[in-house]
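Colleague: I have a structure open here and would like to go through it with you, piece by piece. Could you start with one residue and its surroundings?

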2 protein chains.
Amino acid sequence: MEEMQKNLLSEVSGLHGIPVGAYNIRVDGQALSMNSTANIEIVKKKDKSGIDIYIKPNTKNESLHIPVILTQTGLKEVVYNDFHIGENSDVTIIAGCGIHNSGDKESEHDGIHSFFIGKNAKVKYVEKHYGEGDGKGQRILNPVTIVEIDENGYMEMDTVQIKGVDSTKRITKAKLNEGAKIVVKEKIMTHRNQFAETGFEVELNGDNSSAHVTSRSVAKDNSNQVFLADIKGNAKCTGHSECDAIIMDNATVKAIPQILANNVNANLIHEAAIGKIAGEQLTKLMTLGLTEKEAEEWIVNGFLK
Amino acid sequence: MEEMQKNLLSEVSGLHGIPVGAYNIRVDGQALSMNSTANIEIVKKKDKSGIDIYIKPNTKNESLHIPVILTQTGLKEVVYNDFHIGENSDVTIIAGCGIHNSGDKESEHDGIHSFFIGKNAKVKYVEKHYGEGDGKGQRILNPVTIVEIDENGYMEMDTVQIKGVDSTKRITKAKLNEGAKIVVKEKIMTHRNQFAETGFEVELNGDNSSAHVTSRSVAKDNSNQVFLADIKGNAKCTGHSECDAIIMDNATVKAIPQILANNVNANLIHEAAIGKIAGEQLTKLMTLGLTEKEAEEWIVNGFLK
């Protein structure tokens with residue numbers, strides 16, 4: 001691996017070498033290195049790009065790393081990863097994609113991830129998207145995440161995209177059975193002419209299921225963001241979506257969070273707020289000696305932490 | 001006027017006779033009685049059903065009543081009323097429509113109201129919709145309200161529809177110039193198989209303009225409700241929409257409040273919550289001697305007050 005590739009890998013997955021446990025490292029359209037463990041089996045798909053991951057029931061405190069990096073300008077790929085999470089397991093999955101584009105052509109990775117989360121299983125899914133490179137070619141990431149959670153299963157999804165992605169359309173769809181729960185935390189920052197759209201569709205189909213979606217975003221320069229959330233309460237359930245956006249410069253942000261109560265015992269809430277950094281916050285930091293630029297940066301970093 | 005018509009008139013406008021000031025009382029597709037005053041001129045439209053209302057600049061503390069009642073089954077009408085509100089005036093306009101349908105055919109009134117609110121003018125607009133009658137014919141009301149508010153103008157819009165309307169599609173569109181302000185308060189209750197959709201589109205085009213939209217609704221039995229709000233911040237402005245819904249029985253409620261910040265100085269917030277009456281609230285009232293039904297009614301009435 002070249003130095004630049006190592007840096008990308010570290011940016012998106014925090015890895016500085018080969019990880020412990022199961023992993024599949026994908027570099028420029030090829031599996032560079034793959035490792036299954038006794039409880040986590042990774043199988044390359046035969047009909048298309050991607051892998052099947054089988055996690056045995058009762059697998060506890062194990063992790064799976066599946067970072068993807070693209071360094072060739074003009075490379076476009078769609079990759080299908082299916083996660084079969086056995087009952088009663090408790091695992092952490094670290095995905096992520098980094099694109100280094102120093103050429104003039106578009107580089108694009110679309111990861112289509114499907115999760116089948118068994119009864120009482122618990123999954124923490126972490127995904128970081130990042131772009132860099134001084135080429136004029138766009139860096140594009142369009143992840144699709146499809147989730148089905150069986151009885152009393154749980155998924156936490158932490159996604160971060162704060163630098164270098166020119167265009168992204170993120171779609172997450174989840175269906176929850178009885179007692180299942182999903183918690184989504186999203187952080188997005190866009191610069192220059194970047195575009196980010198993020199959409200969540202959650203169907204709360206089982207009694208005592210719940211969804212909690214939080215999105216924090218910062219839109220700078222001439223960038224545009226769209227936030228969509230659609231929570232359907234079809235049973236005795238709790239749904240909450242929340243979108244907080246800081247708008248700067250000439251950026252625009254649109255929020256459309258929809259809730260639908262189809263059941264008298266559905267309890268649904270959504271909130272959204274878009275605004276610039278409060279003047280008094282800036283003034284306060286500037287009296288402490290920071291420049292306006294530094295103060296803004298300080299506030300934005302705190303907001304996205 | 002028959003007794004039944006008098007009752008309808010009182011339901012929708014609070015009137016027990018001919019009002020003070022300017023008025024136009026419309027009964028079964030005809031102007032029953034009309035009165036202009038020195039400052040408020042009412043002119044019948046020549047090309048279509050409806051009236052033009054001209055309110056002179058500086059008209060203060062005057063009122064205009066324009067109730068509509070329908071008592072013939074099968075009567076359907078579209079009526080266009082244009083309100084030209086002069087600069088610096090301060091007026092109250094009481095509209096409202098009551099339908100008594102004791103037959104088998106649909107009765108429908110669609111009031112298309114356009115407001116041109118002059119600089120510094122202040123308008124309070126009150127609208128109550130009501131239906132009754134034991135016929136199988138539907139009672140339908142589809143009001144459209146188009147508002148343009150000039151510099152520093154103000155409009156308060158209070159709308160109520162809590163009984164007897166089988167189907168309604170309410171559309172309100174407002175464009176606000178510098179310093180203009182709109183405050184909307186909506187109350188809706190639906191029963192049986194009733195349907196209510198309500199949509200607000202507000203464009204905050206001028207600096208220091210603001211919009212505040214509040215909707216409170218109760219959906220009972222098998223009724224369905226949809227709440228749409230779309231606030232666009234195109235200048236230094238403040239926008240807030242809020243939808244609170246109580247859901248009961250087999251009713252469904254959908255809320256889609258969209259906000260779009262096109263300007264870094266736009267400050268936009270929306271909130272929506274859908275849920276049933278809290279169990280502990282009911283229990284508390286029942287320990288005071290109310291039946292469950294009475295306790296529910298008490299809470300719903302308080303919520304819509």
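**A walk through the model**

Modeller: Leaving aside its neighbours within four places in sequence, Asp28(B) is in contact with Gln5(B), Ile69(B), Leu70(B), Thr71(B), Gln72(B) and Leu75(B). Please keep in mind throughout that this is a predicted model.

Colleague: Okay, and where in chain B does Asp28(B) sit?

Modeller: Asp28(B) lies in the loop that links β1 (22–27) to β2 (30–35) of chain B.

Colleague: Is Asp28(B) buried or exposed?

Modeller: Asp28(B) counts as buried, because its relative accessibility is 14% and buried means under 20%.

Colleague: How far is Asp28(B) from Thr71(B), in sequence and in space?

Modeller: In sequence Asp28(B) and Thr71(B) are 43 residues apart, while from C-alpha to C-alpha they are 6.3 Å apart in space.

Colleague: Let's take another Asp, then. Where is Asp150(B), and which residues does Asp150(B) touch?

Modeller: Asp150(B) is placed in the loop between β11 (144–149) and β12 (154–163) of chain B. If we do not count residues up to four places away in sequence, Asp150(B) touches Ile117(B), Gly118(B), Lys119(B), Asn177(B) and Ala180(B). With a relative accessibility of 29%, Asp150(B) counts as partly exposed.

Colleague: And what separates Asp150(B) from Asp47(B)?

Modeller: Asp150(B) and Asp47(B) are 103 residues apart along the chain, and their C-alpha atoms are separated by 27 Å.

Colleague: Switching topic: how are chain A and chain B related?

Modeller: Chain A is superposed on chain B by a rotation of 180 degrees with 0.0 Å of shift along its axis, and the RMSD is 0.0 Å. The two copies are therefore related as by a two-fold rotation axis.

Colleague: Which residue of chain A comes closest to the rotation axis?

Modeller: That is Glu271(A), whose C-alpha comes to 2.2 Å from the rotation axis.

Colleague: How many residues are in contact between the two chains?

Modeller: There are 29 residues of chain A in contact with 29 residues of chain B. The area buried between chain A and chain B is about 2,200 Å², and carbon and sulfur atoms give 55% of that area.

Colleague: Which three residues supply more of the area that chain A buries against chain B than any other three?

Modeller: Those are Val264(A), His270(A) and Ile274(A), which supply 22% of the area that chain A buries against chain B.

Colleague: Why can one say that the copies meet through the same surface?

Modeller: One can say so because 100% of the interface residues of chain A are also interface residues in chain B.

Colleague: Now the helices. At what angle do α2 and α3 of chain A cross?

Modeller: In chain A, the axes of helix α2 (residues 279–287) and helix α3 (residues 292–304) cross at roughly 120 degrees and come within 9 Å. The crossing of α2(A) past α3(A) is right-handed.

Colleague: Which residues make the contact?

Modeller: From α2(A) the contact is made by Gln281(A), Leu282(A), Leu285(A) and Met286(A), and from α3(A) by Glu292(A), Ala295(A), Glu296(A), Trp298(A) and Ile299(A). Sorted by class, this contact of α2(A) with α3(A) has 6 nonpolar, 1 polar and 2 charged residues.

Colleague: What about those helices in chain B?

Modeller: Helix α2 (residues 279–287) and helix α3 (residues 292–304) of chain B pack at an angle of about 120 degrees, with their axes 9 Å apart, and α2(B) passes α3(B) in a right-handed crossing.

Colleague: One last thing: which strand holds Asn61(A), and what is its phi?

Modeller: Asn61(A) is found in strand β5 (residues 60–70) of chain A, and its phi is near 50 degrees, a positive value in a residue other than glycine. Asn61(A) is exposed, with a relative accessible area of 68%. Arg192(A), with a phi near 35 degrees, is likewise a residue other than glycine with a positive value, and Arg192(A) is placed in the loop between β14 (181–190) and β15 (195–204) of chain A.

Methods. Residues numbered from 1 in each chain as written. Chains lettered and ligands numbered in written order. Predicted model: local features only at pLDDT ≥ 70, side-chain atom pairs only at ≥ 80, totals over all residues. Heavy atoms only, no water. Least-squares fit on C-alpha atoms with pLDDT ≥ 70 in both. Contact = heavy atoms within 4.5 Å. Axes fitted to C-alpha atoms, helices over the stretch in contact; angles between N-to-C directions. Helix = DSSP H or I, 4+ residues; strand = E, 2+ residues; numbered from the N terminus. Left-handed = near helix turned anticlockwise from the far one by under 90°. Nonpolar A, V, L, I, M, F, W, Y, C, P; charged D, E, K, R; others polar. Buried area = accessible area lost by both parts, 1.4 Å probe. Buried < 20%, exposed > 50% of the residue type's maximum accessible area, 1.4 Å probe, protein only.
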